[in-house]
Each structure stands twice: as C-alpha cells, then as structure tokens.
Amino acid sequence: MNIRRAGQRHLRPVLLAALLVLSHIALAQATSAAQSPAAVAYTVDLSSPEQHLVQVQIILPPGSSQRELQLPVWNALYQVRDFAQYVNWIRAKDRSGKSLAVRKIDKSRWQIQGAEGGAIVEYQIYADSPGPFGAQLNSHHAFFNLAEILMYDVDARNSPLTLHFSELPSGWRIATPLSSPGLNFRVENYDRLVDSPIEIGNFEESDFDEAGGHFRVIVDADPADYDMAAMVGALHKIVAAATSWMNDRPFDTYTFFYHFPHGPAGGGMEHAYSTAIELSADAVKPSLDTLTGVTAHEFFHLWNVKRIRPQTLEPIDYTKENYTRALWFSEGVTSTAEGIIQLRAGLLDETQYLYRLGEEITELERRPAHLTQSAEESSLDAWLEGNAYYRRPERSISYYNKGELLGVMLDLAVRNASHGQASLREVLQWMNVNYAKKGRFFQDSEGVREAAEAVTHTDLNSFFAKYVAGTEEIPWDDFLRSVGLHVVTMTSSVPDAGFSASRNFDGPMSVAAVTPGSPAEHAGLQLGDVIIELQGKPAGQESRQELAQLNGGDTLAVKVRSRRGVERELQWKIGSRQEISYGVRDLDTVTAEQHARRIAWLKGEAQSAGAISGVAPTVLPPTEGLRVNRE
Ligand SMILES: [Zn+2]
C-alpha cells in the first residue's frame, strides 16, 4: 500500500520428465475445474449501478448438508472494516427451487442447512466505497476488491471457482489480471480471486512489453488529465529498473490500474499480478513524479509482501486481524526500494534523493513517539490506524517512515559489515531465492536478520535489537559516514497554522491537535473536526502542500464539520514558530573510498572488489547514470 503521495524460471532438462507428468496432472485439474460441478460458481449482477447495489449468486456444488459462508471482515487495508454491514439480505434454495434455512452465526458468517444436493445462495450488497482499497458500483464504472463483496464457502476456500458478471451496462468492458477471455473467469481458489481487482466500465487501455513480460495499463480518468504515452514511457523505466535490480520477473503478465479523480484520492494497493493506483488529477497533470513514486512502490510489492511474505500474514485470516511485526519491512523497505528503483530508472537524481532522505529523518525525529514505539510495535498497531487519536505524533510513528529509514540504514550496515561486497539488493535477492522461490514465508524481523547475516557472514543482532525491536535513537552519522555524508540540523521560522490534521488512507482529514492559545483555537477549530475544504478546495492529499505554501500573516480559510455534524466556515491568520528540520549533506572531506561507496549505494549495488580497495570508479554506465536528465 502507499498512502504518502497517496521470471520465468529456466528448467533444466533433468526436470523435464517430471514436468511432463506434472503438466498432465495440471491439465486434469484444469479440466475438472472447468467441467466438474465441484467448482463454486459466482455470478455478479450489475443491473443497479445508480443504487450501488450488487446482486450476488453463489452456486454451491453437492456436498455436506451444512455449509458456512463467510464475508471477510478486512481486506486491502490492515483495518477491520466489517463489509457485512452492507449486506441487505441473503436467501438460499436447493437445485429444485425449494427454500433452504439460512441462519446467521455471527456478524459476518451464515450457515445453510439442507445443501447436500447443492445450493443456490443469493444476496444483495451495497458497494459505494471508492478508491484502490474499496468496492464501488456507480453509473460511471465498477471497481471491486472482490473480498469486500464476495462470501466464500469456509470448507472450499482452496478449491477452484468460477466468476461471471451479468447485466453490464451497455458499452462497459472488463479489465482484470485474471486470465480469461469474455465474461467468464476460472480461478484456482478464493485467495487468488480476491487478489485480483476488477475494473468494469469505459476505460482507456494501453500495453507494452518489457524485460520479457507483458504489461497492461488501464486508465479510468478524463483523457485531458494525463498523457498515456508519457505514462507508458515511465512505466517501461520502472519495470526495467525493478526487474534488473531483483534479477527476477515472477510473472508473464502484469496489469497497472489507474484512477485520477478530481478531488481527494487514496494512493496505491499492491497485488501479486497487478496494482491499483488512485491519484488526484491535480497531482498527475503537472508532473509524473508522484505517479512514478507510487508506481515504483506498488510494483516492488509484487516481490516484497506478495511473494517475499511474512509467515504472520499467512494464511490470511478473513475473520479477524493477522498480527505481524514485519510491516516496517514489508511496507517501509518497499519504500526504500521505491527510492532505489527511481534512482536506477533515472527518475530521481542524487540531490533529490538526499533531500527526501532528510525529509524522512525530519518526519521521524519530530514524532515524540519514536522514543516509545518501536518499528515492530508500530507494525502490530497498524490495525489502530483508523483512529485519529492513535495517529497523533506523541502516540505513534509510521512503519512506512521508520521502515524506509531502517531499509536505508540496513543497506549501509550490510555494506559496512561486508566491506562493500553486499547490499540491501543481496538481502532482498537472498530472501527471494530462499523464501519466495521455495514457497516459504519468513519469520518477521528474524527472517530479515537471517538474510542480512547470510549475505554478510556477520552478527547483526545489535542493529535489529536497538532499532527494529527497540526505540534507541538511530545514530544517523554513524551509518552515513561510510558514504561521505552526515546529518545537519536546521532551525527556521516557519508558518504555523495552529493545528495538525491527519487522514486514514483515503478517509477524510481530521483535526488531531489544536495549539492552545493559537488563532486557530480562537477561531473555533476543535479536536475531531473534519476538514472538508481548505482555501476553497476539497481537503485531501494535496492539502499539505497547500498549507506549506502559506506564509505568516496569510489568512487561512477552512470549512469543517464538527463531530456532531455541524458545518462551519472558519478563518484565521497564519502565525509562525521555530522549527527544527534535518538535511543530509556532504562531509567536509569525502575520501575516495567514501565516494566509491556512495556511487554503489545510489545505484543499489554492491561494490566490485576493485572499488573497495579504494579505486573509485569515476564513470557510471550510461544506462544507469545517477544524473540522467528528466524528459
Ligand atoms: Zn505499500
């Protein structure tokens, strides 16, 4: 996920005989899935888009008399959202049309009796949750995370199923990473089904080949708001940079879904064979920077979290939280990789990268909770993020923010421990080969440590104990020295709006704190107020930039809704305050060794034996230069 800005394996001949047998078995299974009544069959009726009502029919094959159907309580976000709240009604009948008893077991589970000959279950569910984490049907389109609308047969979750859409409004087409022509899809199991988002409507489509894979680009937006050719050009670079960095492409086809709404937008959601990204049209129109950052992050997730996966997220428990200590790695280090991929793709230069690093350090240091909540605890507490109080700076840190910084520091620590012979790249590749490719899951932070120690042949316990499991201050300069950098502290007088606000993913922006005695307090702003508009524009991802452009003395105008639902328009004058921020700068003297280490670090690569002996390479390969001009 991203909220911030919002290979084919070669087979050895000796395996061929075994493979032939396996392919026969696979064929037999595919045939039985296609023909046998054993497959659960879903039909999704889209005839009521104006009412946002989805009619679902599930045909259960003959089997045991008693069946249980479960609707997931969470999906996409690590937050319990109880999708069952949207189920209007449910009923069941047998194959002859006789009604069967449906008994509710708990808020998200139903039991059906008398289904030994099979059953036809029907229910109606309301779907109007927009964005990459939602499920929505309206007169414009449908976009579904299917776990939010489709129940599963508890005893058949791992069995093949079929999916069919009916009553599509005229002119609508379907885009999905599920491979099947037409309106009928055959899927190996429920988990795979719900990891496959679906866009249905009038979208624009493009495709391209890169690194041996085929890529589809599905865009649902006003054509005036984006340039498909420019986007595809950037996607080529991201795919090439990421697959070459991982030396892997574990898929044949991959789909990018984009939505560019006017107004607030959500961010990105990763899937094993696709990503769904929603960005405000205002953010995409002037520059592709936000889009390439979020895209690099979500694309890298196809390894980190989808295939290099913590054991604590498996099997997925759709009935309650999966608690994991690994989100600092699965999300945060994905953000570290996002930066490296952008550098390798020539979409970010060294100056921009170091500026961003300073911003991330500032964000962590400014949150008092960095001394009380560890990266692992922040991962466990992900499930609390929907609550405004939890998001306060004195209560929590972000596993995205600290995890990204831990990824950068781990990269430098691995380089130090291996004398430049290994890097974060080798750690991730080791995890890909030793976990993902072997179908194993890793043991949260211990699994990351195992990989880092394997590629460095050293004990890295102290790094993990102090900075991952613990809350010790990270000694930035100790890590950055090896690449000739250090952190400088800057104090400046900055505009102060007198309040802080936070959002829950694509949720509304709510006031988390109001400075006592400030003009904001005098104007009547209150804790918990939801900010609807800021300077006349809908509040959303871009509001932070909007605020940053204001100077002391400027007037801020907001429209807010109180916790009791009363809307007010408030305005007050922006004040100012002293603020500390951090920047990453060159040391006074940068040695040849530090210079060589920095060049390798910014390419995301280990050093050659020559470089670590102090012979600094002075010329970068032309395709991977760090200062490639933007097009
Ligand atoms: Zn993410």
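**Exercise 1.** Determine whether asparagine 75 is buried or exposed, and state which residues it contacts beyond its neighbours within four places in sequence.

*Solution.* Start with the relative accessible area of asparagine 75, which is 11%. Buried means under 20% relative accessible area, exposed over 50% and partly exposed in between, with a 1.4 Å probe and protein chains only, so asparagine 75 counts as buried. Finally, with contact taken as heavy atoms within 4.5 Å, and leaving aside neighbours within four places in sequence, asparagine 75 touches Arg81, Phe83, Asn145, Ala147 and Glu148.

The model is a predicted one, in which local features need pLDDT of at least 70 and side-chain atom pairs count only at pLDDT 80 or more, while totals for chains, interfaces and linings use all residues. Residues are numbered from 1 along each chain as its sequence is written, and side-chain values use heavy atoms, with hydrogens and water left out.

**Exercise 2.** Classify the relation of helix H6 to helix H7 from the crossing of their axes, and list the residues that meet.

*Solution.* Axes are lines fitted to C-alpha atoms, for helices over the stretch in contact, and angles run from 0 to 180 degrees between N-to-C directions. The axes of H6 (residues 327–344) and H7 (residues 350–366) come within 10 Å and cross at roughly 165 degrees. That makes H6 roughly antiparallel to H7, since angles over 145 degrees count as roughly antiparallel, under 35 as roughly parallel, 65 to 115 as roughly perpendicular and the rest as oblique. On the H6 side, Ser335, Glu338, Gly339, Gln342 and Leu343 meet Glu350, Tyr353 and Arg356 of H7.

**Exercise 3.** Decide to what extent helix H16 is enclosed by the rest of the structure.

*Solution.* Of the 12 residues of H16, 9 are buried, so the helix is largely enclosed by the rest of the structure. The buried residues include Arg597, Arg598, Trp601 and Lys603. Just after H16, glycine 604 adopts a positive phi of about 70 degrees.

Methods
Helix = DSSP H or I, 4+ residues; strand = E, 2+ residues; numbered from the N terminus.
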